[in-house]
Amino acid sequence: HMAEHWGLASVIRDAVTAATLDEIPDVAAELAGHETQKELAKYEPQISKMRSAATRAQNASELVDASKAVAELARACGDCHIAAGAKPTEPEEPLPPGESETKAHMLRHDWAARELWIGLALPSDEHWARGAAALDEAPLEKGQFFEEWEVTESLLGLDKALHEMRPKLAAAATRDERVELYGQLIANCAACHHATAKGPVD
């Protein structure tokens, strides 16, 4: 049951990150409609927060609102694990190489966002720290993006703003701080993907 929650929440996260809001309502409705199993009844407060976050994602018409809902989903997962004394783990994946400068840069963004999600949702300070550290590099210059992309000042600003978040992400110690920052980061990713009409780089 918990694995199903995790899977559905991850689908919502990926859809928001890719700026494909139309893919969210059905999955979010399924997660929001999950009934609490008898053996998990004592965790109803945390599961209720998960449902509420899923409903917010389902009803979101703006990427910023959907991103905040995803951050709250991650918090709800982590809060339930804390309440249950559970110690779930996720495999440590190496930072994947890219075939071009742009691709490698974007893959590091994606890897960082995944680590930060895990950091909130397990929760794990180690994963969170790795995610923040992965952004410790210079943003791309205009001539470093894929040639077929229309590189605007807005797009350059989104990449720069993402990397400027690193010190705040690294310093964030409370769950409230991390939820706020993670929501901002995902909104940034989604805005870039929307602007380029491209999803995350494979």
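User: How are helix 1 and helix 9 oriented to each other in this predicted model?
Analyst: In this predicted model, local features need pLDDT of at least 70 and side-chain atom pairs count only at pLDDT 80 or more, while totals for chains, interfaces and linings use all residues. Residues are numbered from 1 along each chain as its sequence is written, and side-chain values use heavy atoms, with hydrogens and water left out. Helix 1 (residues 2–17) and helix 9 (residues 175–196) pack at about 50 degrees, their axes 7 Å apart. Angles under 35 degrees count as roughly parallel, over 145 as roughly antiparallel, 65 to 115 as roughly perpendicular and the rest as oblique, so the two helices are oblique.

User: Is R13 buried or exposed?
Analyst: R13 lies in helix 1 and touches V70, W117 and Y182, not counting residues up to four places away in sequence. Buried means under 20% relative accessible area, exposed over 50%, and partly exposed in between, with a 1.4 Å probe and protein chains only. The relative accessible area of R13 is 14%, so R13 is buried.

User: Is E92 buried or exposed?
Analyst: E92 lies in the loop between helix 4 and helix 5 (101–121). Leaving aside neighbours within four places in sequence, E92 is in contact with H127 and R130. Its relative accessibility is 61%, so E92 counts as exposed.

User: What is the separation of the C-alpha atoms of E92 and H127?
Analyst: E92 and H127 are 35 residues apart along the chain. Their C-alpha atoms are separated by 8.5 Å.

User: Which residues does C192 contact, leaving aside its neighbours within four places in sequence?
Analyst: C192 is placed in helix 9. With 12% relative accessibility, C192 counts as buried. Its contacts beyond those neighbours are L155 and L158.

Conventions: Axes fitted to C-alpha atoms, helices over the stretch in contact; angles between N-to-C directions. Helix = DSSP H or I, 4+ residues; strand = E, 2+ residues; numbered from the N terminus. Contact = heavy atoms within 4.5 Å.
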